[in-house]
Amino acid sequence: MALVRRLVLALVACLFWAAPLGAQAATGAITGKVVDASTQQPLANVEVALAATPHRELSRSDGSFAINGVPAGTYRLRASRIGYGSQIQEVTVTAGGTTTAQVSLAPAAAILEPVVVTGYGTQRREAITGSVSTVSAAAANVGVVTNVDQMIQARAAGVEVTRNNGEPGAGMQILVRGGSSISNTNEPLYVIDGVPIYNQPTEPPSYGVGGTPPLPRNPLNLLNPSDIQSITVLKDASATAIYGSRAANGVILVETKKAAVSGGPTIEYDSYVAASSPAKRLDLVTAGEYRTFVTAQVGSWRADSTGFSTRHPPTDTIFTKHFADSSNAFAGLVPSHLTALGTANTDWADAISRTAVTHNHDLSFAGGSEDTRYRASLNYMKQQGVTISNGLERIQGRLSATHKALDNRMRLGVNVTTSRVNNQYIVFENRGGFEGGVFQNAAVYNPTQPVTVTDALGTHYYEVPGSQSLRNPVALANQITDLGQTTRTLANGTAEIDLVPGLTGQVTVGLDYAGGGRQIYFPNANPLGGTLGGGLARVYSQDNNTKTVQTLLTFRRQVGESHSFDMVGGYEYSEFKKTLAMGQGIGYVTDVTLYNSLGSGNTLKDSSYGELSKLVSFLSRANYGFKDRFFVTGVLRYDGSSKFAEGHKWALFPGLSASWHLTQGGVVRGPFSDLRLRVGWGRQGNPGIKPYTSLQKLEGGSNASYPWSDVPQPGVIPTSVANPDLKWEQTNQYDVGVDFGLFGQRLAGSVEYYVKNTSDLLLEVPVPPPQPAATRIENVGKLRNRGVELSLDALLVSRPGMTWRTGLVFAVERNKVLDLGPHQFIRSGIVSGQGQSDQWAERIMPGFALGTFYGPVFLDVDPVTGFQVFACTAATAGCLNGRTTTRGVPDAADYHVIGNANPDFTIGLHNQLNWGKFNISFLLRASVGQDVFNNTALVYSTKSNALQDKNFLRPALSDNTDVHEPAIFSSRFVERASFLRLQNLTVEYALDLPFLTNSARSARLYMAADNLFVLTGYSGLDPEVSSLNASDATDAGLAARGIDYLTYPRPRTFTGGLRVSF
Amino acid sequence: MKRLFVKTSIGAVGLVTLLLVPLQGCTDLSETPISSITPSNFFHTEREVTAALAGVYAGLRNTAGEGEYWGVSEVSTDEMVVPTRGSDWFDNGTWLELHRQTWSANSPSTLSFLNNAWNTAYAGIARANVLVTALGGVTVNNQAQLEGEARYLRAFYYYLLLDLFGGVPIATTTEIKRWPRQTRDSTFKFIEGELLAIRSNLPTSYGAANVGRVTRSAVDALLANMYLNARVYKSEGPGAGGINATGYNSCSGMTVGGGLGACQAAINRVDSIIASGVYQLADTFTQNFSSDNGSSPENIFVIKYADADGLGFNMVMRTLHYNQFNPSPWNGFATLAQTYNAFDPADKRRNMFLVGPQVNLETGLPAQDRAHNPLVFTTTIANVTSATEGEGARIYKWPIDPKHVAQNNGNDFAWFRLAEMYLIKAEALNEITPGSAGALDTLNRVRARTAPVAAALAGPITRDLILNERLFELNSEGKRRQDLIRHGKYTLAWEFKTGPTGDFRVLMPIPQTQIDANPLITQNPGY
């Protein structure tokens, strides 16, 4: 702690040495007008500032501006606006005089805010020395966007955003510059309006059936995308080091819209309606094909049955006696499979799908006086899923207000967002086994059977008689109740005061309260509910509660013409608490009460859980600029987290970076309008482990209790192994970048190269015996990520009536496990499906990337036996000429690396074309070279499903694999999954109807299409699969990438909407 | 100016105060779990200590799991096979690898099942170590007995490890460190020493409320078993580690604690159990396995199961057909035709298998397979890599519990019962005096219950006769691997397995993951 005290002292001293003593002088004024250089139209909201002074004003709607009270002298006047290149000109102010300045701004290729939120403050874009990507919220909020994550997709180089699936409001997997952790979380840190949030699931878990429950939905669904002003992604360590311990996976800064800075009150209304349907459905064998297939297989059985006696010795009396009923052992299918054929023709994939409707309404208004301003907004959204019986509804309100006091020396701000998200879920499988949910049953349910039947009992869902693991998927979706809700309030209040010129103090208090509930009922009416004990009800309640206090001192000072200082120092404290309670009842006489009468169940069970963690930080950043030519930024953060072992709770996270503007001072001329070199280094941490990980815990529960004399005796067992050495996972990152602008910023971009070395990985590893738990988290191993990122923006056309901007982001990322300590490899990527227990698709091995597929090498199918043939060596029994000759896989020694789930490169291309009253934009995304393990095909394109009267995928009909051949994981199911997707296409039209425009400032009509097409060679539903296959998203589990198992289909969506502002 | 200065000062003071208040209060980062306990705030009362002891017992449930000691000891022998049925039970080839004995230190069945067996045993040991360590710092009623039970269970977990892997790292404290591997002889001596040390702390029997806890006879039963296997457990040497993989490993000529011959020591332990008067053979064979078998007078050391969530026995799930029980069983484990046929049809113990037309065991109605044929179990399995739903005789030694909760049945599983003790005594007597009439009489005690299972054997008694009797009596009770190794027959050929598979296979490979975690552990020879 002595170090901390010294740090704080040094910081305070450092902040005060340069305290200025300004002298007052006679003043003058500057007035002028800003216009668009290409159209000559006046430009509003242009920031006009005098460099090295606090004087800054915004241009009004007619483009005019006035800066008063400027001391006499010569200044550099800088005019900047989003979407335009900034312009600097010299002006001279005389005492008592008014100087006129005419400014003409040229449109720039990139729509960039001139001031960037960089964490604990803002910086001018020019002064940034780290790697920072900004996303314009206005451009990204197109089509049906339910959360922030979708807005980043393909718009920031090196940020890979993958939706878990096509479920409304589905969670996202985000990798900033590749995942740097193996068993720790790879999720970036989200900071909303300056307050870091714990992005944990806010809703209690589901009840898994025959596999693990689906992944939780995105906790960021609470934010209305229309309320977002800007998104900044901090990528390299020098930029993220200010967030220290939580920054190893990058930082996403979200700024919400604030009260209008100028102009009168405004009202905006935005509404859209969208229709979605699954972009692709499982290609199932149809009822007709299934009947033909079964009939043909029965034919093979009849032909083969003549050879019966040679295979079964007559001594087997039992068998002989019941031959007529039981002889399943021949080729093909037993004749009785014919009796399982029904007369219906059902496409189960179709039966569970629908055209889903989404509608969204946003209303916001803003206004206020010079000193007090407000913005309020209200959002309602209802989104149906493209699979029946599920969806998302959001009601959200937001209020933000600012107040200036003490002659603008004190500024107060409040932001409150409250939202209620109602989720309706269906039972589906994230990863599965023997039984499954809606999608597994849609894949295997007999297509010759109907959805409903009408008999003496009335009309009801058809169910296979006596079957206990095959269930009508439509009935599963419609009869089982699974509801979740989150009521979440994000509130923060800020007080900022100018202590002396240049020195500002700030206190921010942030509260994040999320109350989550879940209600589940499996009714008697559904056979699954019957199997679970005659109706099963569960009710959960969860509270996530975060408190954050921040105090900051910011110092900005220009010394002379050449030296600028920008420093921030502060302290932050946050506390996160989660509690969860569950009640369960089994055995209900009636389904009428659903989950509302737990107590009337036959057997009751309940549980509760709580956890608490704290993070304390001291932080500082200093930026020094020399003549706008050289910039140096140093960052120091000292973090303490309660989650680590005693004596290892604190760690220091430094960062250092510099940039050199070659175009300033005339070092470089020619076509370059801007050229900058950046270098940076920093260290970050990753504390994404659960609290109490370093301690030995004892727990009760059914695992610990034991019945003496058949009476359960409550027990207690050690459930974890203490690790008194548990410390931070640390990432050292190096970054080199070039930012450039050509032809007066009509072409601008940046190229970056980075190396990320992560050491002391928090890895779940086996513990030497005797150990109460097989594994514990240890700091073991090293991982390296390297990559190149390119982003390019071009203003292709700029003439009156038409502008066309295009932007490209391109990223190459390579990761490699360098060291796993004593471990040769760690298995990951568990394979799902019947007969796949203990099968792992991937290995984490030194020298290989995360997401390396490992298994037998498939050669072909033997046309005679119908066996799958694998590559082998002499060591495998029955290996002939390098080919297996018996059914099954070769020895484990003949397993090889059979794929890599990481793409060679990814590309995002966005375009925006303004043409007269039309505004057209589209976004293309491509990912090239990655492999995906098609777990769905492995399990469901095997004809042996027919042995249990189950359907399968159509491609299996045309291959010659034997009907008795099991589903065997091999390179056969690892596919190349490069793709090109048209993510969004939007056409907007400005209405010029007199009755509207008389009262409305603008009225715009738009049409959008999301996910219009995907070009890919991948045979599954969608080549883009969630990068993590974790059973529990609160514990990211081992890194497994590129596994596709019965995912919720992604929708194709068409949207029509109207935006009006008054 | 002055007013401004005052305002500024007030602002600055306020801000500095705000800065400092949290600084003082909020840098305390010590951690105390809010919904679980730590050893430092536990183990104060007898109730707390007893709860921890229940936790050590609870570890026993895993030992009889399908992918655990029980599964390894059965599926790697001629008693059981898990055929691949379509895609079902392929499971990365693990089950057939286990049956065919083609495992290696890194192969799927080792990384799954042997790793489970290792972790389960050591988790039990660790639980006991935590408790025994805590008992060193607290005084409660019944302390000696509670400690004795914990140490017995710890010894039993070490015994499972010794049986599968040979000598293993031994630790009796909670310290996490890399302990070196012990020899088999010193592992044996450690277990024996522990058992002898705590025997007198344990009661000979318990009152009605505590049935299922460890008794003095449980100590004797474990010792008798170890003494019979003394040559396997204590030998050292190259190849199969001094074990005769192809010939009988006799207790004769081995010396155990107290300088006694191992055979005689085994007999003494069995006699001591009989002399306690607490145990006798159950009237019927089936009484030992039924859902109310807690009252069986024959079971000496059992895993107590209860028909409650998470506390039950799920053997029926492993073997029964999908449509024979609710919840739907897994239709997996079956016995070999050669094993089924080895039973005398007149031997009532053969009824432990289900063959022929089947019923739903809860409703009693005829069961159908998935193709809606009447469900019939055959004794033969035509092709083990593509078996059908009905192939293979099913093990139904432990019938369903009518009061089952989901898959939790209340049948107890006996690791040691009196019948085995008689068979141990018979085998030891036969080793001291081959062909001894006393040995035959002892063996025949097992067949002659109040309701005899089979006619008395006429003799002469041989080792093979004893091994067969163990097959009939103890089938599916997790003893077969141990018996075959003692009799030098573990690596031979049987149905769906070609042999011999190599002498070294009498010791299981230590899973590579465990060697990675503790590089001081050396691998068994041959792997």
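Mentor: One term before we start: two strands pair if DSSP finds at least two bridges between them. Also, this is a predicted model.

Trainee: Okay, which residue stands opposite Val932(A)?
Mentor: Glu975(A), in β55(A).

Trainee: How many bridges join β54 to β55 in chain A?
Mentor: There are 3 bridges, and the two strands run antiparallel. β54 covers residues 931-934 of chain A.

Trainee: What order do the strands of that sheet come in?
Mentor: β55-β54-β58, in chain A. The sheet is open, with 3 strands and mixed pairing.

Trainee: Why is one side of β55 and of β58 left without a neighbour?
Mentor: β55 (974-976) and β58 (1043-1044) of chain A are at the edges, and each has a single partner strand, so one side of each has no neighbour in the sheet.

Trainee: New topic. How many residues of chain B are in contact with chain A?
Mentor: 115 residues of chain B, meeting 110 of chain A. The two chains bury about 9300 Å² between them, 61% of it on carbon and sulfur atoms.

Trainee: Which residues in chain B lose the most area?
Mentor: Leu29(B), Glu31(B) and Arg370(B). Together they make up 9% of what that side buries.

Trainee: And how many salt bridges are there between the chains?
Mentor: The count is 2 between chain B and chain A. Lys304(B) forms one with Asp710(A), where the closest N and O atoms are 3.3 Å apart.

Trainee: What about polar contacts?
Mentor: The rule finds 27 residue pairs across the interface of chain B and chain A. On the chain B side, α6(B) gives the largest share, 13 residues.

How values were computed. Residues are numbered from 1 along each chain as its sequence is written. Chains are lettered from A and ligands numbered from 1 in the order in which they are written. This is a predicted model: local features need pLDDT of at least 70, side-chain atom pairs count only at pLDDT 80 or more; totals for chains, interfaces and linings use all residues. Side-chain values use heavy atoms; hydrogens and water are left out. Contact means heavy atoms within 4.5 Å. Buried area is the accessible area (1.4 Å probe) that two parts lose on being put together, summed over both. A salt bridge is a side-chain nitrogen of Lys or Arg within 4 Å of a carboxyl oxygen of Asp or Glu. A polar contact is a pair of N or O atoms within 3.5 Å; within protein, one must be able to donate a hydrogen and the other to accept it, and residues adjacent in sequence count only if both atoms are side-chain atoms. Helices (H or I, at least four residues) and strands (E, at least two) are DSSP runs, numbered from the N terminus.
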